[in-house]
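Here are a few friendly notes to read with the model open beside you. Take them one at a time and look for each residue as it comes up.

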Amino acid sequence: MGFRQIFKAMVLAGALLGASVSTGFSAKDTAVSSSGLPVPRYVSLKSDHVNVRAGPTKDNDVAWVYTRSGLPVEITAEFENWRRVRDSEGAEGWVYHSLLSGRRTAVITMKTKDDLASLYDRPDTAGAVSARLQAGVVAQVKKCGAGWCRVTGNGFDGWIEQQRLWGVYADEKVE
């Protein structure tokens, strides 16, 4: 192996090591990445077939495939045109940037799978319950503020407590 190849390998290894270090930042303390966007941040899957790879190149094996467009994921690192993402179950891998969308979605979370999350007609628990959603339901996030988010989906539209969503940071404002 020539000097240039060794040097390129060392640079790539250093970049990958740097990309794999957990920042420990909260949403308020985000770092700006090479894309110019904050890391970490939430996005959603653009396609219903997204390969997740073990590393940030097409040479890396496909670890698994997401088969649901609109699923929220958190970008935890960037390397060139690749994004390391984490899903609501904690699984992490690398996805090519063009397979991700800035459209905000969230997954309903509950303490137990049998619990239902109440959706209200206004951002207040005194409001009328317009629907009850199961854990795992994916909703489009329209707006968030003051601990509440307006979400929509197939057959529902209303307000939910922000803490019931994975895909929105605590106290994050979404316009």
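1. Among contacts (heavy atoms within 4.5 Å) between residues at least 6 apart in sequence, 53% join residues at least 24 apart. Please keep in mind that this is a predicted model, where local features need pLDDT of at least 70, side-chain atom pairs count only at pLDDT 80 or more, and totals for chains, interfaces and linings use all residues. Residues are numbered from 1 along each chain as its sequence is written, and side-chain values use heavy atoms, leaving out hydrogens and water.

2. The chain has 1 helix and 16 strands, taken as DSSP runs (helices H or I, at least four residues; strands E, at least two) and numbered from the N terminus.

3. Of the 175 residues, 39% are buried, that is, under 20% relative accessible area with a 1.4 Å probe, counting protein chains only.

4. Now find the largest nonpolar core, which has 17 residues. Such a core is a set of buried Ala, Val, Leu, Ile, Met, Phe, Trp, Tyr and Cys residues joined through side-chain atoms within 4.5 Å. Val 151, Ile 160 and Leu 165 have the most contacts inside it. Strands that each supply at least two of its residues include β10 (105-108) and β15 (156-161), while β13 gives the largest share, 3 residues.

5. Which residues does Val 151 touch beyond its neighbours within four places in sequence? Among them are Leu 119, Val 141, Phe 156, Ile 160 and Leu 165.

6. Another core, of 14 residues, lies apart from the largest one and includes Val 39, Tyr 66, Val 73 and Val 138.

Conventions:
Buried means under 20% relative accessible area, exposed over 50%, partly exposed in between (1.4 Å probe, protein chains only).
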